[in-house]
Amino acid sequence: MLKRTVTGAIYVAIIVGFFFLRDYADYRLFNILTFAFSTIGTFEIARAIKPYLYKGNFTLAVIYGAAFVPVFCVFNYLTEFSGAIVCLIFVAIMIAYQAILTAAGVKRVNGDTCKTTFYAFIVNVLPFVYPALLLLTVLCANELLNGFICLLLIFAISPCADTFAYLVGMIYNKIRKGKAKKMCPRLSPKKTWAGAIGGVIGGVIGAIVIYFIVDTSALSETAKINPLIVFIAIGVFASILTEIGDLFESYIKRKVGIKDMGKILPGHGGVMDRIDGMSFAAAFIYLIFSVLL
């Protein structure tokens, strides 16, 4: 427990440090954090499913994950092209390449001939879209006029949802003497419906707290809907997406037979074990800020 607490404190300190760098030095420095997430996260996903990948895809995925954020930055800051559009083209090229490999019936890493099935295609596409494609929304959020607030919601709601889900689920399960209704026992035996509801409450509380502690006056002038209502809605849906992201990664881990995606964060697992839910929520939060705020 001590190891988990210390690691969590260091992780939070790093995140806070990048927010200070963004606000008081150069907002583009925040992309370094996203670069770390993309590089390490893609490596962890590719390593987890390596036996199911076509030959050469593991190395290609690792290079891709490391190049994703630099490609965005180079085009966005040094040319007149949109970094986001270039990255989407980058993703499309990788997906098309996997379609060609699937159609050709190439071999997997373990030497077995891979059938030309849709499932094989999806598995090999995975490390080229997850987490990089979701993290693209974090890069785009950093470019928004109200990017600081958007990023704050992205990095605060998911931990709040996770914490409340854990506490409420644990307490309710004790009250029910271990008979709390499981949400998805095959994927995550410890997750309960009570915890899921607690997670949504935690996400909403986190969003409301952020609304009142940051300067939202600029949002009030441009928002199409009352910003407080938008923040509450963001808290609800971002929390749900956080839980979906957690379950999605649990599904991957169950399929490949591993407990954690890595060991880089002692007591927590890998980077993907920390950003799985956040990356799903990030896409939604960025979309709402782009459309309504």
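Helices here are DSSP runs of H or I with at least four residues, numbered from the N terminus. The model is predicted, so local features need pLDDT of at least 70 and side-chain atom pairs pLDDT 80 or more, while totals for chains, interfaces and linings use all residues. Residues are numbered from 1 along each chain as its sequence is written, and side-chain values use heavy atoms, leaving out hydrogens and water.

**Exercise 1.** Work out how α7 packs against α6 and α8.

*Solution.* Take α6 first. Its axis and that of α7 come within 7 Å and cross at roughly 145°; axes are lines fitted to C-alpha atoms over the stretch in contact, and angles run from 0 to 180 degrees between N-to-C directions. V138, A141 and N142 of α6 meet G147, C150, L151, I154 and F155 of α7, where contact means heavy atoms within 4.5 Å. By class, this contact has six nonpolar, two polar and no charged residues; Ala, Val, Leu, Ile, Met, Phe, Trp, Tyr, Cys and Pro count as nonpolar, Asp, Glu, Lys and Arg as charged, and the others, Gly among them, as polar.

Next comes α8 (residues 193-213), which packs with α7 (residues 147-175) at about 145°, their axes 6 Å apart. Contact residues include A156, C160 and F164 of α7 and G198, G202 and G206 of α8. The class count is 14 nonpolar, seven polar and no charged residues.

**Exercise 2.** Explain what the F30 and F155 pair ties together.

*Solution.* Begin with the geometry: the two rings are edge-to-face, 5.6 Å centre to centre with 85° between the planes. Rings of Phe, Tyr and Trp (its six-membered ring) pair if their centres lie within 6.5 Å, and planes over 60 degrees apart count as edge-to-face. Then place the residues: F30 is in the loop between α1 and α2 and F155 is in α7, so the pair links parts 125 residues apart in sequence. The structure holds 21 aromatic pairs.

Notes: Helices (H or I, at least four residues) and strands (E, at least two) are DSSP runs, numbered from the N terminus. Rings of Phe, Tyr and Trp (its six-membered ring) pair if their centres lie within 6.5 Å; planes under 30 degrees apart count as stacked, over 60 as edge-to-face and the rest as tilted.
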